[in-house]
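Let's walk through this structure together, one part after another. Please keep the sequence and the 3D view side by side as you read.

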Amino acid sequence: MTDLEKFRAETRAWLADKCPEEMRDGDITAENQCWGGRQWEFQSEAQKLWFERALDKGYTVPTWPKEYGGAGLSVEEGKILDEERLAINARKPLSNFGISMLGPALLAYGTHEQKDQHLNAIANGEIRWCQGYSEPGAGSDLASLKTKCEDMGDHWLINGQKIWTSNADISDWIFCLVRTDFDAPKHRGITFILMDMASEGISVKPIVLISGHSPFCETFFDNVKVPKIYGEGNPSVVGEINRGWDVAKALLVHERGMLGTMSPLRGTSGPESLGRHAVEHIGTDQDGRLADPALRQRIAQAELDNWAYNLTVERLTDEANAGNGLGAKSSMLKYAASELTKRGTELRMDVGGTDAASIGEEGIEYGSLANAWLYNRAYSILGGTTEVQLNIISKRVLELPSA
Ligand SMILES: Cc1cc2nc3c(=O)[nH]c(=O)nc-3n(C[C@H](O)[C@H](O)[C@H](O)COP(=O)(O)OP(=O)(O)OC[C@H]3O[C@@H](n4cnc5c(N)ncnc54)[C@H](O)[C@@H]3O)c2cc1C
């Protein structure tokens with residue numbers, strides 16, 4: 001038995017022993033996942049137990065170094081842990097922007113002290129982070145951002161506004177892009193800075209959607225004083241001043257990679273089971289096939305595309321693990337996952353018919369299929385729109401000439 005086979009057997013046994021049954025429902029909605037942070041309250045004993053057991057083992061962030069709260073697993077071991085977890089349909093014990101976005105950026109660009117403070121707090125589920133990138137005039141063209149950061153000697157002074165800041169109202173800290181040089185070319189005057197959301201001068205205003213829910217906020221900075229150094233050797237700025245665009249881009253690669261691989265298509269609720277679901281709702285013809293031929297063809301196409309997507313995820317993950325990183329190819333995953341996820345829920349709505357579209361007295365019920373169908377449209381906007389991903393793929397993956 002090779003070391004990796006031994007690791008797989010041990011991991012399978014550990015998961016079988018330690019992952020509570022209630023956490024094996026594959027449920028990965030924003031509502032059900034464990035986010036952590038100062039305001040976090042566990043939703044069940046099982047969720048708490050699963051988090052604590054994983055934390056003990058370093059499995060909230062399995063591939064991070066042990067000194068920063070991880071288990072120090074190799075990339076191959078991390079992949080095995082993921083495969084075995086998915087095989088029993090288990091939830092991740094902890095998921096948040098600290099793990100999927102800031103952590104990888106800090107591992108690449110942070111000082112030892114920044115990693116020591118922030119990565120451990122993320123791994124332990126103590127601090128929840130939000131992302132302060134977009135502004136009213138800077139979305140797809142993010143480098144146009146104008147939030148002003150002035151050097152005041154012993155501190156930075158920040159004024160400006162962010163928008164669409166997911167969960168800013170319940171986050172503890174924010175990683176933020178600010179402008180430190182207004183005269184330099186736009187990509188060269190941006191700095192990546194970390195702020196405590198409790199700082200004086202930061203205020204947030206939830207944006208209430210038509211559904212009544214508020215997944216994101218406007219975030220205002222009004223003469224916010226940010227210390228240059230939080231503790232010895234622990235600057236608030238990550239990377240070099242005016243070179244924050246490099247950190248921002250690296251983080252976006254992780255964000256898009258995460259969005260591209262967390263798609264519901266990869267769980268049991270995706271089109272893998274769509275055919276069976278359709279047969280249950282619509283019934284079969286005399287040959288035992290789905291009774292509606294047009295729908296049958298659309299479902300078959302969706303299932304084929306889903307297979308191709310899953311294989312592409314495998315291939316790109318292996319390529320990334322072989323040392324080249326994902327780079328611009330993360331845009332391929334993000335694009336495919338967004339579009340296939342939207343199509344998957346559209347098909348489910350078609351299968352469900354008028355029942356699926358039903359609206360209760362309180363409006364569209366949260367967690368319902370209709371809700372997912374409407375919400376999933378956001379996937380082709382958040383983390384960079386579908387059009388922007390197609391631009392990146394054509395320029396940086398396919399290397400097509402500019403028009
Ligand atoms: C649910 C959700 C959560 C979000 N969470 C966060 C968050 O936590 N933090 C954060 O900072 N931001 C967040 N965002 C914001 C998100 O990153 C932006 O909405 C996104 O980058 C698009 O920017 P925009 O909304 O300003 O649209 P715009 O950039 O104004 O784009 C409008 C339209 O023009 C198209 N377009 C723009 N430029 C081009 C081009 N060059 N070529 C072709 N088409 C183009 C776009 O594709 C789009 O269809 C979130 C958004 C959503 C929907």
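The protein chain averages a pLDDT of 91, and 96% of the residues score at least 70; pLDDT is the predictor's confidence in each residue, from 0 to 100. This is a predicted model, in which local features need pLDDT of at least 70 and side-chain atom pairs count only at pLDDT 80 or more, while totals for chains, interfaces and linings use all residues. Numbering starts from 1 along each chain as its sequence is written. One stretch to treat with care is residues 267-271, where the pLDDT is below 50. Beyond near neighbours in sequence, this stretch has 16 contacts in the model (two residues are in contact if their C-beta atoms, placed from the backbone, lie within 7 Å). Where pLDDT is low, the predicted coordinates should not be read in detail.

Now for the overall layout. The domain assignment, which is automatic or from a database, gives domain 1 (3-95), domain 2 (129-243) and domain 3 (263-397). Between domain 1 and domain 3, the C-alpha centres lie 25 Å apart.

Next, look at the helices, which are DSSP runs (H or I, at least four residues) numbered from the N terminus. Helix α1 (residues 3-18) packs with helix α3 (residues 75-87) at an angle of about 40°, their axes being 10 Å apart. Axes here are lines fitted to C-alpha atoms over the stretch in contact, and angles run from 0 to 180 degrees between N-to-C directions. That angle makes α1 oblique to α3 (under 35 degrees counts as roughly parallel, over 145 as roughly antiparallel, 65 to 115 as roughly perpendicular and the rest as oblique). On the α1 side, L4, F7, R8, T11, R12 and L15 meet E76, E77, I80, L81, E84 and R85 of α3. These residues divide into 5 nonpolar, 1 polar and 6 charged (Ala, Val, Leu, Ile, Met, Phe, Trp, Tyr, Cys and Pro count as nonpolar, Asp, Glu, Lys and Arg as charged, and the others, Gly among them, as polar).

Further along, which helix packs with α6 at an angle of about 35°? Helix α9 (residues 330-356) does, its axis lying 7 Å from that of α6 (residues 244-261). Among the residues making this contact are V253 and L259 of α6 and L333 and A336 of α9.

Helix α9 also packs with α7 (residues 274-282), at an angle of about 15° and with axes 9 Å apart. The two helices are therefore roughly parallel to each other. Here L274, H277, A278, H281 and I282 in α7 meet G344, L347, R348, V351 and G352 in α9. By class, this contact has 5 nonpolar, 4 polar and 1 charged residues.
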